[in-house]
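Try each task before you read its solution.

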Amino acid sequence: MKTAIIGAGPAGVYCALALKNSGIKNIDIFEKSIPLKTLLPTGGGRCNLTHAGDNIKDFAKNYPRGEKFLYSLFSKHFVKDTLEFFKNIGIDTYMQQDYRYFPASNSASDMRNKMLKALGNINIIEKNITTLKELKDYDFIVLAAGSKGGYGLAREAGHNIIPPKPALCGLKLSQDQPEYPQGVVLNTPEGEVLFTKGGISGPLVYKISSLNAYKDFPYEIELPLIDPEMLTIEVKNNPRKSFLNTVSKFIPKSLAGAILSNPEKQCANVSKKEIAALSNITFKVISPDNKGEIVTAGGVDLKEIDNFCRSKINPKLFIIGELMDIDGFCGGYNLQNCWSSAYCAALKIRELSDT
C-alpha cells in the first residue's frame, strides 16, 4: 500500500508521523515550497501549538465553522493526545497563564526541525501536484494543502468548495471616521484592539473578523468604551478639569483626543449626552486588511467528508487541516484542527491497510 500526502504543512507532516508511528510504510509527501513553512510565524514565532481543554464541546465552541464536525475528530485525538504525541518525538511543551500551549524551547523553528527529523526516511518530494492523475499509483491520497492548489485538487475529485474568505485578520475602517492614533491599544471588556494605519487589529478584532467572515461590507461593529457611571463620577468630582484629561483616566489620551469634539471643555460644562456617547465606540468596517490575515474561512464542504476525514465521493481520498471548511479563533485552535484531522485520517488508513 502506498500513501501520498499533498502538502508538508502542519497537518501533512503530522499525518505522516502518525502513519509512521502506526507501522505504515511507503509514504511520500509532496510539497512545492518549504516544509512546515507556515508553522514558523505561529504564536509570534514561538508556535502556539494548541490550547488547554478537556471538554470537547466547550473547546469546539472556538470554531465559527466546523464546531459540530470536530466533536468526532476530538473524541479520537484531543489536546492531551497531541501533547503526548509531541513528547514522544522529543518536543516538550508548557502552558502559559492564558492556557495556550507552546514548545518548551519557545521556538517554532526548533519545533519544525524536530518534526522533520522525526519523519526519518519518509520522502518529501519537491513537486507541485496539479492533478490527481499524477498520483494514480497510490492507494491513498491525503490532501493537506490549505491553498488554491488544494482546492483545485478537491474540485477535481468532485468536491464542493465553500468560497474562501479572510478570517482572523485586521479590518480597514472608513475614512470618514476620526483619524485614530496608530499603535495605540484600547483595552475593552471583550479584549484588546490595536489601532493601525487606516484600521484596527489585535485579538478582539481577529475574533470579530472571523465571526463576520461572510458578512457583506461595509458593516459596523460597536464595542464598549467607558462605563458611563464611572465617568459621571469623575466628571462631577473634577469640575474644573478638562474633559480630555478626565476621559484619559479610562482610555489612552491620544485616543480620547481623536474621539472628543471639544477635548478642552471643562467637566463642569459636559452634558449627560456627551458622557453617554462615550459608553461605546463604533467602527465602520469597509474591508479586511489582508496583510494581517492568518486563517482563511471556507474550504471543502464538510457534508462531503466523514468523521475520519475520508472523502464520501472518492474513498481513496482524505482531506485534512485548513483545506476543510473549518477555522478557529486565535489561541492554538487552528493547529489543533490540523493535528486531530491528520491523526484521524492516519487511523483510517491504518485500518484500511489491514483489510
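The exercises below concern a predicted model, and each one is followed by a worked solution.

**Exercise 1. The span and burial of a helix**

Task: Compare the reach of helix H1 (residues 10–21) with the expected span, then work out which of its residues are buried and what they pack against.

Solution: 
- Step 1. H1 has twelve residues, and the expectation at 1.5 Å a residue is 16 Å. From its first C-alpha to its last, the helix reaches 16 Å, close to that value.
- Step 2. Buried means under 20% relative accessible area. With that cut-off, ten of the twelve residues of H1 are buried, and the helix is mostly covered. They are Pro10, Ala11, Gly12, Val13, Tyr14, Cys15, Ala16, Leu17, Ala18 and Leu19.
- Step 3. The partners of these buried residues include three strands, namely S1 (3–6), S2 (27–31) and S7 (140–143). Helices H4 (79–88), H5 (108–118) and H12 (333–353) also pack against them.

**Exercise 2. Strand order in an open sheet**

Task: Determine the order of the strands in the five-stranded open sheet and find its edges.

Solution: 
- Step 1. The order is S6-S2-S1-S7-S16, and the pairing is parallel.
- Step 2. Strand S6 (123–126) and strand S16 (317–319) are the edge strands, as each pairs on one side only.
- Step 3. From one strand to the next, the twist averages 20°.
- Step 4. For a look at one pairing, take S1 and S7: they run parallel and are joined by four bridges. Thr3 has Phe140 in S7 as its bridge partner.

**Exercise 3. Salt bridges**

Task: How many salt bridges are there, and where do Lys114 and Asp110 lie relative to each other?

Solution: 
- Step 1. The criterion is a side-chain nitrogen of Lys or Arg within 4 Å of a carboxyl oxygen of Asp or Glu. The count comes to ten salt bridges.
- Step 2. In one of them, Lys114 and Asp110 meet at 3.5 Å, N to O. They are four residues apart in helix H5, which means a separation of about one helical turn. Lys114 is partly exposed at 31% relative accessibility, and Asp110 is partly exposed at 25%.
- Step 3. Another joins Glu351 to Lys348, with 3.2 Å between the closest N and O atoms. Both residues lie in helix H12, three residues apart, about one turn of the helix. Glu351 has a relative accessible area of 41% and is therefore partly exposed, whereas Lys348, at 11%, is buried.
- Step 4. Lys265 and Glu274 also form a salt bridge, their closest N and O atoms being 2.9 Å apart. Glu274 counts as partly exposed, at 23% relative accessibility.

**Exercise 4. Antiparallel partners and a helix**

Task: Identify the pairing of strand S9 (residues 170–173) with S14 and with S12, then find what covers helix H7.

Solution: 
- Step 1. S9 runs antiparallel to strand S14 (residues 280–289), and four bridges join them. Gly170 has Asp289 as its bridge partner in S14.
- Step 2. S9 also pairs with strand S12 (residues 199–201), in the antiparallel sense and over two bridges. There, Lys172 stands opposite Gly199.
- Step 3. In helix H7 (residues 203–211), the buried residues are Leu204, Val205, Tyr206, Ile208, Ser209 and Ser210.
- Step 4. Their cover includes S9 and S12, along with strands S8 (161–167), S10 (185–188), S11 (191–196) and S13 (219–224).

Note on methods: Residues are numbered from 1 along each chain as its sequence is written. This is a predicted model: local features need pLDDT of at least 70, side-chain atom pairs count only at pLDDT 80 or more; totals for chains, interfaces and linings use all residues. Side-chain values use heavy atoms; hydrogens and water are left out. The expected span of a helix is 1.5 Å times one less than its number of residues. Buried means under 20% relative accessible area, exposed over 50%, partly exposed in between (1.4 Å probe, protein chains only). Contact means heavy atoms within 4.5 Å. Two strands pair if DSSP finds at least two bridges between them. Axes are lines fitted to C-alpha atoms, for helices over the stretch in contact, and angles run from 0 to 180 degrees between N-to-C directions.
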